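Hi,

Here is the structure we talked about. Please open it first, then read my notes below.

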Amino acid sequence: MSRPPAERQVSRTIAADQRLSDELTRIGIDDSAASPTVLFLASGVAWLLIGSLMGLIASVKLDLPDWLGGAGPITFGRLRPVHLNAVTYGWISLAGSGMIVWLMGRLCRTHIRWTALLFLSAILWNIGLFLGSALVILGYSGGMEWLEFPLPAAAVIALAFILFALSMFRTFAARQVEHVYVSLWYILASLTWFPLLYVIANAGLYQGVGEAAMNWWYGHNAITVWFTPIGLAGAYYFIPKVIGRPIYSYYLGLLGFWSFALFYNWNGLHHLVGGPLPTWAISVSIVASLMMFVPVLAVAVNHHMTALGHLSMIRYSPTLRFVVFGAMSYTATSFQGSLEATRSVQEVAHFTHYTVGHAHLGMYAFVTMVLFGAVYYIMPRIAKWEWPYPNLIKVHFWLSAAGIAIYFLSLTLGGWLQGLAMNTPSIPFIDTVNLTKPYLWGRAVGGTLMTIGHCVFAYHFLLVIHRAGPKRFAPVWFRKAEEVAAP
Ligand code: HEM
């Protein structure tokens with residue numbers, strides 16, 4: 001039996017009031033997150049530019065070692081670690097932290113707490129990065145990959161991370177919802193694991209072979225407990241959010257999370273296949289790497305089934321375009337990584353450019369692309385200003401996508417051929433080096449496209465911060481809360 005018109009009108013009014021009240025709550029939460037989020041995101045973008053420039057110069061230096069002269073500070077050996085640290089502890093960590101602050105408010109439906117700690121954290125983090133980069137450029141590197149920053153810089157970054165985590169845990173404790181969404185599982189786990197990992201690794205407790213084992217326990221676990229959770233938290237939030245459907249399966253989410261927690265942290269020693277460590281330790285790590293098929297498949301199926309039938313939306317949503325590209329790359333880089341850990345593939349790929357191709361598939365095509373998508377979603381909501389030039393977003397996407405494709409394919413092919421040549425005793429070593437030259441140029445071309453894309457992104461980002469450029473269509477969340485509340 002249909003309800004009388006007056007009753008229908010009343011329930012429509014109640015639903016509209018509820019929507020308005022939800023919208024006002026969201027605006028309030030976004031406002032509380034706005035300043036720290038912008039600070040983290042803006043610093044991240046600055047480090048993206050610095051890191052890309054360093055990577056590009058290092059890349060050309062492999063083909064033309066005398067380019068720009070041979071002064072110590074601009075040799076490949078110093079530029080490479082500065083690039084690595086700038087893009088990972090700078091860009092991904094800072095932009096990822098900005099995304100976490102914003103997500104924390106939204107997913108806990110509460111204002112951000114202890115924001116002073118967040119400002120202090122962002123400032124210390126930048127100081128640590130500048131100090132560490134300067135010391136490495138001057139020749140005071142720690143000498144271990146992913147741990148090149150000397151102790152004073154690492155200590156400042158560790159402190160910054162702990163302050164950041166304290167504010168996030170305090171906000172979580174004040175949450176206004178019972179339900180803890182999948183993205184939050186990954187965020188809370190990484191906020192617990194990463195400070196422990198970083199402090200233990202920098203404490204200098206190990207020497208000799210044990211130090212090598214610790215180095216790769218740290219190196220791979222930094223990816224496990226910090227960089228990957230950032231990418232997965234973003235993908236789990238933005239894919240369903242933009243599409244407007246709930247995540248396909250919480251059970252798959254649970255399976256993915258716990259198998260990820262169980263297997264991933266054993267992976268590190270696959271970097272030392274053939275090294276002077278007990279065979280069983282390396283074998284355990286290879287088995288754990290293969291077991292990674294379980295969490296990766298769980299995540300891939302979950303995201304695929306959530307997006308099924310709605311993928312055409314990537315034509316209209318820049319966030320979805322970047323995040324879906326990132327989520328697909330997560331599956332690709334993880335499958336590749338599991339196979340790359342086996343002894344038979346290592347026999348060819350180890351100590352070649354192939355590994356660098358894999359690293360960029362993970363850190364760029366997956367994590368960085370998800371972060372770009374996140375920034376495109378978050379910034380208009382906190383700056384209350386839409387991206388002024390949609391075509392610049394398209395240009396950025398295609399430069400990044402084409403750049404990383406060229407980068408990855410060049411190094412994967414070149415690295416494999418290099419490995420095969422190095423395994424052939426009749427080929428002189430210098431020939432195995434010369435053989436890689438065209439592929440290294442390929443990498444420089446891909447890297448140039450990516451770097452131009454980053455400049456376009458940074459310019460557009462600046463316009464939004466300054467609320468410059470043409471004003472575009474303004475949905476409810478662009479307006480001030482009072483305007484929305486007005487009848
Ligand atoms: C957000 C962007 C980027 C991220 C997250 C990133 C990440 C990384 C990582 C993780 C490594 C270490 C690889 C390994 O040890 O296997 C690395 C090395 C490197 N990257 Fe990047 N990268 C980015 C952008 C670029 C760009 C634009 C270029 C320009 C060509 C570039 C050039 C290099 C070079 C030359 C190395 C050293 C490789 C070697 O030792 O042979 N990267 N990068």
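**Helix pair α12 and α15**

Keep in mind that this is a predicted model. I start with two helices, α12 and α15, which run roughly parallel to each other because their angle falls under 35 degrees. That angle is about 15 degrees, and the axes lie 12 Å apart. The crossing of the two is left-handed.

Which residues make the contact between α12 and α15? On the α12 side they are H353, F372, M379, P380 and A383. On the α15 side they are Y439, F457, F461, V464 and I465. By class, nine of these contact residues are nonpolar and one is polar. None is charged.

**Around the ligand**

Both helices come up again here. α12 (353–383) and α15 (437–465) each give at least two residues to the shell around the ligand. In total, 25 residues surround the ligand. The closest are G55, S59, A359, M363 and G447. How does the shell divide by class, and what is its charged share? It has 13 nonpolar residues, 10 polar ones and two charged ones.

**The whole chain**

The chain has 16 helices and zero strands. Its C-alpha trace spans about 90 × 45 × 45 Å along the principal axes. The radius of gyration is 23 Å. For 487 residues, a compact globule would have a value near 23 Å, so the two agree.

Best wishes

Key
Residues numbered from 1 in each chain as written. Predicted model: local features only at pLDDT ≥ 70, side-chain atom pairs only at ≥ 80, totals over all residues. Near = placed C-beta within 6 Å. Helix = DSSP H or I, 4+ residues; strand = E, 2+ residues; numbered from the N terminus. Nonpolar A, V, L, I, M, F, W, Y, C, P; charged D, E, K, R; others polar. Axes fitted to C-alpha atoms, helices over the stretch in contact; angles between N-to-C directions. Parallel < 35°, antiparallel > 145°, perpendicular 65-115°, else oblique. Left-handed = near helix turned anticlockwise from the far one by under 90°. Contact = placed C-beta atoms within 7 Å. Rg over C-alpha atoms; globule rule 2.2 N^0.38 Å.
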